[in-house]
Amino acid sequence: MFDFTNKVVFVAGGTSGINLAIAEAFAAAGASVAVLSRSQQKVEAAVKLLNQHSSNIAGFTADVRDFAGTQEALRQAHDKLGPFDVLISGAAGNFPAPALGMSANAFKSVVDIDLLGTFNVLRAGFEFLHKPGACIINISAPQAYCPMELQMHVCAAKAGVDMITRVAALEWAPFGIRVNSVVPGPIDDTEGMKRLAPTAEIRSTIASSVPLGRLGTKQDVANACLWLCTPAASYITGVVLAVDGGWSLGGAASSASALKNAFFKQ
Ligand code: NAP
Ligand code: COA
């Protein structure tokens, strides 16, 4: 469906779940792809998987909270694969906890990964982008605009991520760079869903609260990312694009209540 031959894609946090599926979709469409995350083991496994699609694959171990380490990984990826046509910031952390059950460090750890991490990836990555023409995607979450109990840290962090998207879209439009957020809804078979929907009962409550009647797939999110990076989307910048079957129109709030009830029943 998409052709990214001769394009270079960097995915921060691209070694598992949704972000790995995005990396794989770009590799399958012909792109050279680099991924980054903290775990050497996950980086090696991701590179092995991506190599099934392309020989131009690179993997880096770094923590997005560390600017220098992230910058060095971006530099090495650029030197190996060339300027990035696509830069994706998707590293994130999450756990369900009420604000009163969260230390300052717990709140900070999520804000640092999601929000500071996105700043670091974009700030350090700018130098290595293909200009004009590059496309940046920040992976956000419905928590950015749907207040959810047990999610104060993620709500705050992802709201900030979407504001980074909008401000970067304004500041970098003159360089010919587009910046958008993609917001996955409840996506089946992911770490995020394991943490926020730990039982079959909660998963089924969530699925039935999605207007389109099903959980999303990792491919649903990957397809939206690929499309946003094609010339067909060349006039789109600064948007927050929900890929959630309509969940954030209302179902997200009732799903969060189901999680809260299960959390406090434990
Ligand atoms: P996941 O598999 O846990 O993916 C998170 C990725 O980020 C992993 O590759 C992880 O690898 C990496 N990472 C975490 N902390 C990092 C750090 N400090 N530095 C560098 N890399 C780091 O989770 P997922 O559920 O697929 O979520 C992927 C994205 O989608 C996230 O941005 C999440 O907020 C968003 N999202 C997910 C859902 C859902 O239903 N799952 C819904 C809405 C939004 P390491 O552990 O090796 O670092
Ligand atoms: N409830 C309350 N606090 C929690 C918690 C929970 N379930 N899990 C962790 N914390 C707290 C820790 O106790 C610690 O606070 P403290 O120092 O005051 O004790 C703080 O959060 C940081 O924990 P730590 O394990 O040191 O952080 P880390 O940087 O190694 O890991 C996390 C970051 C906590 C977000 C971890 O879950 C992670 O690595 N997640 C990545 C994968 C993921 O979340 N995927 C889903 C994406 S949607």
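For sorting residues by class, Ala, Val, Leu, Ile, Met, Phe, Trp, Tyr, Cys and Pro count as nonpolar, Asp, Glu, Lys and Arg as charged, and the others, Gly among them, as polar. The model here is predicted, so to speak of local features pLDDT of at least 70 is needed, side-chain atom pairs count only at pLDDT 80 or more, and totals for chains, interfaces and linings use all residues. Residues are numbered from 1 along each chain as its sequence is written, chains are lettered from A and ligands numbered from 1 in the order in which they are written, and side-chain values use heavy atoms, with hydrogens and water left out.

On to the sheet. Two strands pair if DSSP finds at least two bridges between them. Strand β6 (residues 178–184) joins β7 in the parallel sense over 4 bridges, and P184 has V243 of β7 as its bridge partner.

Then there are two helices, α7 (residues 200–209) and α9 (residues 251–265), whose axes come within 9 Å and cross at roughly 170°. Axes are lines fitted to C-alpha atoms, for helices over the stretch in contact, with angles from 0 to 180 degrees between N-to-C directions. The pair is therefore roughly antiparallel, a label for angles over 145 degrees. Contact (heavy atoms within 4.5 Å) involves I202, T205, I206 and S209 of α7, and residues of α9 including G251 and L259. By class, this contact has 5 nonpolar, 5 polar and no charged residues.

Notes:
Parallel < 35°, antiparallel > 145°, perpendicular 65-115°, else oblique.
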